[in-house]
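Trainee: I am new to this structure and would like to know what the terms used for it rest on.
Mentor: Then ask about them one at a time.

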Amino acid sequence: MRALRSMAVCSVACLMSGHALAGGGFLGIDHRVAYDNSGIWNRNIQSGLLYSSVAGVALGALAFGDQDKFGDTLWRSVDAMAFTGLSTQAMKYAFQRERPSQTSNPNLFFRGTSAQSFPSGEVAAISAAVTPFMARYGDDHPAVYALALLPAYDAVARVKTRGHWQSDVLVGAAVGVGFGIYASRRDSPLIISWLPGGFKVGFVHYFK
C-alpha cells in the first residue's frame, strides 16, 4: 500500500537526518544527537502538532458523522488513534526504556515505570491520524501523501529534543501506520458504533 511506503520512506529519512545509521539499541541505530530545541524543533511546536491532530480528528468526526466518505475516514482515524494510544502506552509500561534525556546508553530497558521512551506515542498517534486519509484518498489525489511529512517531522523533532531514540520513533510510526491500515480496511468504523445514533449523522448535516 502506498500509504505504508510513504510513511516508511519518511521514517527512514528521519533516522538518517544528518547522522549515520550506526549506534546501539535493539536495531543498532540508536545514538544521541546534538540537542536542539530551537526554531521548528521547539517542543511547543511538537505538542501543538499532536494536540491539533487529535482535536482536529475528534472534532471533525463529531461534526461530519459517518454519512459521507470524509466523515467515515475521520472516524477510521479516531479508531486508529485509539487503538494506537492503548497499544503504545502498554508497550511503554512493558519495555520501560530510558529516554535519551535520561541516559546516553540506548540499551537500558526495564528501568521502571518512569522510563517510557519506547515507542514514541506522539509519532504513533500522528501516523495513525493521517494513514486512513492516505489510504482512502492517496490513489486519486497523490498530494495527500504529503501528510506523511507530519509524523516524519515529529519523529525528527522528538529525536533532536532527546525525547526518543531513533528506534522509538520508527516503531511508533510502524504501530500508527499498522492500526491506520487496519482501521481503513474494516467494513465500518468501530468506535462510532458504540456511540448514540445522533453522532452518526454529524452536526454539519443538521444545518444543511
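**Terms and the values behind them**

Mentor: Gly 65, a residue with a positive phi near 65°, follows H2. The model is predicted, so local features need pLDDT of at least 70 and side-chain atom pairs count only at pLDDT 80 or more, while totals for chains, interfaces and linings use all residues. Residues are numbered from 1 along each chain as its sequence is written, and side-chain values use heavy atoms, with hydrogens and water left out.

Trainee: What makes a stretch of the chain a helix, and how many are there?
Mentor: A helix is a DSSP run of H or I with at least four residues, a strand a run of E with at least two, numbered from the N terminus. The chain has eight helices and zero strands.

Trainee: Why is Asn 42 called a cap of H2?
Mentor: A polar contact is a pair of N or O atoms within 3.5 Å, one able to donate a hydrogen and the other to accept it within protein; residues adjacent in sequence count only if both atoms are side-chain atoms. A side-chain oxygen of Asn 42 lies 2.8 Å from the backbone nitrogen of Asn 44, at the N-terminal end of H2.

Trainee: What makes a residue buried, and which residues of H2 are?
Mentor: Buried means under 20% relative accessible area, exposed over 50%, and partly exposed in between, with a 1.4 Å probe and protein chains only. In H2 the buried residues include Gln 46, Leu 50, Val 57 and Ala 61. Of the 208 residues of the chain, 50% count as buried.

Trainee: What makes a group of residues a nonpolar core?
Mentor: Its members are buried Ala, Val, Leu, Ile, Met, Phe, Trp, Tyr and Cys residues joined through side-chain atoms within 4.5 Å. The largest one has 19 residues, of which Trp 75, Val 78 and Met 134 touch the most other members. H2, H3 and H4 each give two or more residues to this core, and H4 gives the largest share, six.

Trainee: Which residues beyond its sequence neighbours is Trp 75 in contact with?
Mentor: Contact means heavy atoms within 4.5 Å. Leaving aside neighbours within four places in sequence, the partners of Trp 75 include Ala 61, Gly 65, Pro 189 and Leu 195.
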